[in-house]
Each structure stands twice: as structure tokens, then as C-alpha cells.
Amino acid sequence: MTATQDRPAAEIGKDRRRKEDQRLITGRTRWTDNITLPGMLHLAMVRSPFAHATITSVDVEAAKASPNVVAVLSGKDFGDELGVCINAWPITPDQKTPGHSPMPADRVAFAGEIVAVVVARSAAEARDAAELVDVEYDEQPAVIGIKNALRDEVLAHPDLGTNKSALWVFDSAEAGTGSDVEAAIETARTDGILIEREYRQQRLIPAFMEPRSVVVDPTGEQITMWSATQIPHILRFALAATTGVPESKIRVIAPDVGGGFGGKLQTTPEEWIAWAVARRLSKPVKYTETRSESLMAAHHGRDQVQTLTLAADKEGNVTGFKVHLDADLGAYIAVVGGGVPVLGAFMFNAIYKFPSYRFECQTVLTNTTFTDAYRGAGRPEATYAIERIMDELATEVGVDPLEIRERNWIKHEEFPFTTVAGLEYDTGNYEAATAKAKESFGYDALRAEQKERRERGDRVQLGIGVSTFTEMCGLAPSRVLGSLDYGAGGWEHASVRMLATGKVEIVTGASAHGQGHETAFSQIVADRLGVPFEDVEVLHGDTQIAHKGLDTYGSRSLVVGGEALVKAVDKVIDKAKHLAAHLLEASEDDLEYKGGRFTVAGTDQGVAIQELATAAFAAHNYPEDMEPSIDAEATYDPVNFNYPHGTHLCAMEVDTETGAVKMRKYTCCDDIGTIINPLIVAGQIHGGLVQGIAQALWEEAVHDDAGTLVSGSFVDYLLPTAADTISFDVVHTDDPSIATTNTLGTKGVGEAGTIASTPAVVNAVVDAVRHLGVSDIQMPCTPERVWRAIHAGDGDAPTPETAMPHFREGALNQDEGAGQ
Amino acid sequence: MIPVQFDYLAPTSVEEALSALGQHGDDAKILAGGQSLLPVLRMRLNAPEVVIDLGGIASLRGIRDDGDAIVIGAMTTHHDVRDHALVKEHALLLSKAAAEVADSQIRHRGTFGGALAHADPAGDLGAPALALGAQFVIAGAGGTRTVEASDFFVDLFETAIGEDEILTEVRVPKHTGWGAHYEKFVRVAHQWPIVAIAATVKGSIDEARVGLTNMGSTPLRATATEQALAGATATGDGVRAAAELAAEGTNPPSDLNGAADYRQHLARVLTGRAVLKAAGV
Ligand SMILES: Cc1cc2nc3c(=O)[nH]c(=O)nc-3n(C[C@H](O)[C@H](O)[C@H](O)COP(=O)(O)OP(=O)(O)OC[C@H]3O[C@@H](n4cnc5c(N)ncnc54)[C@H](O)[C@@H]3O)c2cc1C
């Protein structure tokens, strides 16, 4: 029994439409680029077209002479005040970390790196002048791709002497959480099943809808930065730590932010440059990137080669799993850089009871855009690897993929369960989620149809893909982060302000950028405090208002931030009770709080929380031992991660003549504990699914050998639209596994769909053509790759040229620099 | 992103537009629906000093019956081409192809003439226009001339339209009662075709016209397939055999969406499908 079930849950569980949506959807709101300040100047960046080059000279004279240009600055014009871009998570003590200047003066390490900034009175004039900056480069050999980087023949940063940044290892035998994986592998080799695979996690681009934008106003008592960021608090801390401005002099505001998906979990060169320019000129400045700049220079995600060895006995009981990752950091180690693959370290064993496990992650530097968090961060990669290879095991044993999973998964009565990676899963019910998903999907009928099509030799074959995922989210217990050498904690802060008129403002350190916190948090407060939903206002994203917080990522806002809020609300009720007892001249023990009212047991006497707020404001009559306030705040540090899980089933049709794939059905049964708002949950799942499906089928960031981003526009970087997806079948278990680590019993859902869906789709595509001799197809499963896999047994046919430049003009003004 | 600054002219007649074009020459660019030109300007791949908008010239818009042909004004939108009764009756293939261009917003802005003048080999309208033997009416200072489809498409993004000329209308010979199908192969719905096949057939099958999109630097016709189909019966096997010839003489690009040999394979498979659908089989 949870607290929520004890109360009449008027709001929790209600399909509230998001109250923030009208302004967000109509755009009549404060996106950073909508902000205009008096006397504001505009920035345009000059970016390197080369992946690796020394800068021999920067001639800014022509640009300076361009109309309404105020300043043109290159790296050598700045000193320490420019600060540095930080890596907050060095994953090993001996990690090789290249220095990362927001604007290097001597050498560029990826195409798109900023070498100069133009400041002008309008954005158009800044852009015009940027084209006149004449930079001379001495091109250096560039290292592109993980396998090239590992060879250490060409170096991304010659001064480091190697491209290998860090090797991070977890071994269950060493950690005491399991046995020795090498022994399991040896046994399986002679007397069991051994499956060895290499899977590729292609590079992805977060592709948030609102391009990054930053405004800096240095004219007030505090220097204010508005930024389209997910992490205003971390940003403020990093500015203070690296630019020499005291934290108390810095105000950071994340106004309305149009999506992030991890892509705005960054402290960016652009922010640092805008900061330095505004301070230097003592004028407000704005920089908004173009979509081309965003695709090229905002951080990318994923990009790993996974080398996997799965050992099992002949019945398919897994005895050990060994994982070696090579992960591409790009040219620099971004704020969470190498930590992203390490977040997957604890998840490759997924929902299973593996006796032994070893994880190694080798991070490498290349001359490409730096990589960092992208929705799921580490966990989609882990889930992909294990769920793909469990299908291979099922094939080897000759049983249904769900059957092989059931042989290995943790039974519901075995929770809480400590895994071979050392995590304690609190609750879960894989049997229930799978049964419900199977039923809703029509699993048996689709299997029958698959068989029938195979027998008939139909041109269109059907495949069924399974993904039984779990993940660790709700980042994160601070002590655990400390033990992993992460540079900050994982707590969250909330406060509740009881206004004189009885309305409520709540302040959260989470920083919504499309998730719907305003609505969900209002529902929680409405129920717990017993006030109308409409009376609750959620404030966030401005360090003057929400002074403490650790922002939004890692499916943490509800399970960590929501718990902080619950604790703050409970403190308000405690204070209010003391005041109520005083006003009602009753003993606190006789008071009962329900529906926003304290009543004296056995009488009709009572007082509403709103009246108490007013009484505290007036302060005419309150107890001696109390301050005249019922406001409260709380900081909550989670005791454990949070473990949502689910079973996702996908049916794909494959046209064997063309390789074209088409989704036929997608069912997911996610067990996420208590659901605060089913509509928001459905939205998170739908969006998450599409993002994961897009990795499986469409998206891939490709650099050519010279390090130029070939997929540099949405013509080549294929994002799906509603026209490319089907209506998903989203269900939940009837009796969810309530989280025991937070009061509301909730589990994170922000990343679940993305984590689960990618392997479900690829498993389905492979399953459709496995009888034709196919056991793997590299992502994204383009029609060409599928067709080649069927017809040549070769799914790996990279064709790194850009697609037809549909907007090319053969003629005028096509100089080399124009594409910058 | 912001284009380089330009002057904007909005003539109300073809003569006025031609004289502006004559005056500014190389420095001018014609603006139709802007769906290709504006991205070019915004990415600063071109920086004309003057943009001449044809949007105010009423005579360039609309579709009329002209005896043995229908005439489509250059400024008629993809949306109108798709839905017009004359097109559906006499050049069904164009209606089907126009329906496949990008998305609804772009179809309401982009124009028939603009798309053909842009001459993107991956554009959806070139191959149907070629297959139907369209004639291009081009106006210049010295009057108008008519260019056959086979001479109109010169190379990648290059047509017979001169620097100081304007495409005013396209005459499409009537193919009344011909079956038609435009088979577009894409990975996502809003994409330019990786390969597309424009097929239209008379009877089942007296005569066939097959145009290929994105199989070379200009739209192409699958003449060997057309010849093999003429007079054939529209059976699956017969059509597929003829479709095996569809990639002859093509020179498709290799890019992220597929290598040349894969595109040629697609052209063969999809031609078979398109012809069968056009023939109603
Ligand atoms: C996101 C996106 C997706 C698209 N997808 C597709 C697709 O799937 N298939 C497809 O076929 N197209 C696609 N297009 C292109 C679309 O069809 C355009 O409408 C078309 O290519 C150009 O037509 P327009 O009227 O917009 O011409 P504009 O962009 O205005 O002009 C294009 C060029 O033609 C010249 N021009 C225009 N009219 C004339 C004239 N009368 N005489 C001489 N020169 C002229 C202009 O100077 C310019 O160089 C897409 C466009 C976008 C933006």
C-alpha cells in the first residue's frame, strides 16, 4: 500500500492536458531567441571547415570594415576570461583529457570548431561579415572512426601521444558480485553455447526542435545568461568555476526550452564565447545557431563498437557475459563525455540472472564533433547489445526468443534482487509485463502468419522482435556518483511557497524542456496538499528563483525532483498543523488533515490550508515557538536508482525484393510503478519509441574520411515524421510494480521508449529474413543494407557520399567558405 | 540562417519580368514558390542582388484545355496540378506524381514550373513530364520558343532555359484514358525519391511510357522497357521481363541512400510494379 492509494487520488492518475502546451505550441512564449534587450548585439561564429588543422593566421580586417560590425575576435584575442569547456566526469584517474578551449587560437580538432566570432548590430550583418573573416589553415591528417583511432597511427591530438583516452573496467569476480567470466567462457566453448558478436551503435544527432540559443546581459548586478539549456544550475556552476566570475554574480535562466534529448545537457563553447564577448563589450549579446551549425557542432550521441561474448549452457541458461566497448568521444571530452558509455556498464546484464559479467570500455578521441548524452545515454546501447544477442541465443538453442528470456530473467518473487553488476532492483514483474504485451500484440497469431509467409515464399516476409528491457534511471544517489568520480551529486531540491491569498508556488530544481513538469508537479501538489490543480504554479529554470537544483536528464525529474517536492509539501503540512492547532485551540494530536483542511476529530471545527497561509502572512496570531511562515523546502538525495521495465514487441514487414521495411505492429507494456498523468506518460513513450525506432531505421551521422559531416542537413540526416510511424499499442500491467524507493511509487519514463525500442525493431527485421541466412543488419537498417544482407550476406556496405544536394545552384557565388 | 541581402521585385506581367531580368542579368534570380530557391539563399549557396517574384503574374497560373494538349501555367502549384480535373483526365501521371512531392505545405507553395526549371534529377515532376512528351514554352526578350522535353533537361540543375528567359507554361499532349502510376521509393515520407518510376500505359498494353527519376543527371526514359512492352499483354511475368531492361543506359548516383548498383536494381523491380499498377493489373 502506498500513500497515494490511501487518499482520494483526485489528481494523480488523471489524464490532465498539459497546461504549458498552449504557449509552447503556438510559440508565443519566451524562447531564448525571442528575447531582445536594449542595445543588444548579435554574434556569428566562424567555424573551421577542416577536421584537423593548425591555424596559421586569422585576418579580420575586411570583416571589421563590414557595415555595423562592432568587433571581430579570434582565439588569440582572448585570455583566461574565456574560460574552458569542462569534462565533469573523468572516468579514470589516468584519463587522457585534451584541453578544450571554447575558441582555440592555434589548432582546430573537428570540422565546425569555432575560430572567430563577429559581433554586429544585427544578426544579418554579423553573418555577412563572418564570411569575410579570412582564416588560413595548415591542414593536418585527421583521424575519423573508432577503428582508425585505436590504431594510433594518426592522432587526434598529437601532444597526447595516443587516441586512447581511458579504459574503464568492471569485473564481477573482482567486485565480488559474481564469478569469473573467463571461466564461464571456457566451459561454454567446450560444453555449451558461445556467441560472439560485434554490434555497431551508429553516431546520432539529438536534433532537438529549438536550435541552441544564448543571450548574455552583463549590465545588471548579476551577469545574466539565458540559454536554451537543460542544465541552468550546472551551467552556472561551470561558468563560475572556469571564468573567474563569482557564482553570486551569475544568474542563469533556462526560459522555455524546445527539447533537448540530452543534446542540451552540455556547457558549450558558444555559451562561453557569448559570455566573454558580452563582458568584454559590456553590452548584451545574442547568439542563435543555424540548423546546419546545430547538426555539425552541437554534441552528437552514441557511436560505439560493441564486442560481445555470451556464454551459456546447452539449454540456453546464460553463464557469463563479457562486453568490450570502444566508444568515440569525438575531439574533446564533453561535460559527461566518457561517462555516457560507463552508465551502460550496469545494464548489459539487464533483467537477467547472469552468474558472471565483465565490462570494459575503451574511450577514444577522433577529429569529429564531440559526443555526449543522447536520450537513454549508455542504457540504449546496453539494452541493444543484450536484447540482440539474447535473440541469437534463442536461435542457437532453437526456442522462441521470449522463452530464452524467461529461462534467464529474475522472477517476480525474487525481488529485491542484487544483480551481477551490483545494483539492487527493488521491484519488477517481467512475467506480468510480458504476458500482457503478448496478449495485446496477438503474438501467436503473428507467429502463425510469419510461418505461413515463409512457407509460401512470400515476397514480403514478417518478423517479430522482442525487447524485454529494464534501465537504471532517476540519476542518482550522490554517493554512488562520487564513487564513480562524477563531478557533482544527484540530489534534487524543491520548495513550496504558500502565498497570502492561498495560492501555491512551487519551485523545483528540475528544468523542464518539454516534459510537462508544470502539469505533473501541479497534480502531485494538488493531491498531497489538497488544493485545486489550478492554484498551483510551478517555477523553475531561473537561478534567482530556483537557486538550487541539478536539472533534468536521466529520467530523474519525477523520481528525484518529485520526491523532493513531496518532502517539501509534507513539511508545509507539518508547519501548518502547528499553526492550525494554535488557531483552533486544539491539540495537534486531535487534528486530521484531509482535502486541504485540518479538522478537530469529533467536531465540525476546522481550518483550510489557504486560511492558514493567510494567517501566516498576516501574522497577527501564531504560536510563540514558530516563525510566521508555513513555507518549506527540501533536498532529496535518492537512496537507489530507479528501475522501470517493460516488454516491447514489434512486427516488421520486409520486402525481400527491395529491402524496404515497414512496421506492422508495435506493442509495449511498460511497468513504471505509479502513473501520475497517463497522457504525459503516453507522450513520453510515443516520443521515446519514435526516437529509438529512428535509430534502428533512419538516423545516422556520417563523416567522410576528411572529417566533413556528410549528413549535415535534414535532407541527409533522416528524421521521421508522423507519416512514417504507426499507431502504437501502449499498455501497462494491471498491477504495477510500485517503486519502493520513493513515496509516490513512481519510476522514470522519459527514456524508456528509446531504450527499449531499438533492439525490438532490429530483432524484428532480422527475424523476418533470418531464414534467408541473415543474422545481423547494421543500423540504421536502410533498405539497401537489408537488401544486401539478403542477397549477399553482407549488411555492411557503407556508402559515405552525401545524397544529392537538392538545393545546389550550379552557378554564382559558390565559394568554398560559403557553406560555413 | 539569413540570406545575403537582395532587392525584391514583383512584376505583374511576363514582359515586366523579362525586362527586369534583362536589366539585371546574372545578378537576378527568379522566385516561383521559393521551395528550392529560399533554402539555396538561406544556406548562402547563391547570393543574387535581385529576386524577381513571379507570384504576382496571374497569367502564369492555371490549367487550360488547348485541343490536343492541356497547358499548365508555370506558377501552378503542385497541389493544383494534383487535383485538377483536366490533369486527371488527360495526364493522370502528372497528378499522381504531384501527389508524391514532399508534403502538403510544400505542395501548396511549390510550383510546377519552378520544379521543372530547378531540374533536380531527384525531382518528382521531370520524369513524368518527359514520359508524357511535354513541351516547354519559354519566353525571352525576342519572343517565345517551344522546347521538347527531350531537349529541355540538359544536366544536373540545368535546363534549356537561358539566363534571361522565363518558363511560362508547359504543354502536355493529352493521354486521355491512359492508366498511370508513380512509384516513389523513399525511406521517410517527406524525402526526395531514392528512385522513382513514372509509368503510363494505353490499354493493356498498346503503348507504354516509362520515365525514371534520379537514375542519372537528368530525368530518363526507359526506352528498352517501353519497346518491350508495346503490344505485350500485361501479365506479371511479361511486364517483369520488360522491366529487367529498365536500368539500361542509366547512370545513377551513389550516396547515403544507396549505391548505383542498388538503384539500378530498384529501377528494375519498381518499373515492373509501376507498369502493372498503371495497367490496372
Ligand atoms: C523540404 C522539401 C522537400 C521537398 N521534397 C520534394 C520532393 O519530394 N519531390 C520534389 O519533386 N520536390 C521536392 N521539393 C522541391 C519542391 O518541389 C519545389 O517546389 C521545387 O523544386 C521548386 O519549385 P518552386 O516553385 O518552389 O521554385 P523556386 O524555389 O522558387 O525556384 C526554383 C528554381 O527555379 C527557378 N525558376 C522558378 N520558376 C521559374 C520560371 N518560371 N522560369 C525560369 N526559372 C524559374 C528559380 O530561379 C530557381 O532557380 C522539396 C522541397 C523542400 C523544401
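Colleague: How many bridges join strand β27 of chain A to β28(A)?

Modeller: This is a predicted model, so local features need pLDDT of at least 70 and side-chain atom pairs pLDDT 80 or more, while totals for chains, interfaces and linings use all residues; side-chain values use heavy atoms, without hydrogens and water. Residues count from 1 along each chain as its sequence is written, with chains lettered from A and ligands numbered from 1 in written order. Strands (E, at least two residues) and helices (H or I, at least four) are DSSP runs numbered from the N terminus, and strands pair if DSSP finds at least two bridges between them. β27 (residues 661-671) and β28(A) run parallel, and the number of bridges joining them is three.

Colleague: Which residue in β28(A) is the bridge partner of A:Cys668?

Modeller: Strands of a sheet pair through backbone hydrogen bonds, either parallel or antiparallel. For A:Cys668, the bridge partner in β28(A) is A:Val730.

Colleague: Which strands stand at the edges of the sheet?

Modeller: The sheet is open, with mixed pairing and the order β18-β26-β27-β28 in chain A. An edge strand has a single partner, so one side of it is left without a neighbour in the sheet. In chain A those strands are β18 (460-470) and β28 (729-731).

Colleague: Which helix packs on the sheet?

Modeller: Contact here means heavy atoms within 4.5 Å. The helix touches β18, β26 and β27 of chain A, and its direction makes about 150° with that of β18(A). Angles run from 0 to 180 degrees between N-to-C directions, with axes fitted to C-alpha atoms, for helices over the stretch in contact. Residues 752-769 of chain A form this helix, α21.

Colleague: Now the ligand. Which chains does the ligand lie between?

Modeller: There are 31 residues around the ligand, each with a heavy atom within 4 Å of it. Among those that come nearest are B:Ile30 and B:Asp124. The ligand lies between chains A and B.

Colleague: Which element gives the largest share of the shell around the ligand?

Modeller: By class, the shell has 16 nonpolar, 11 polar and four charged residues. Nonpolar means Ala, Val, Leu, Ile, Met, Phe, Trp, Tyr, Cys and Pro; charged means Asp, Glu, Lys and Arg; the others, Gly among them, are polar. The largest share, four residues, comes from α7(B).
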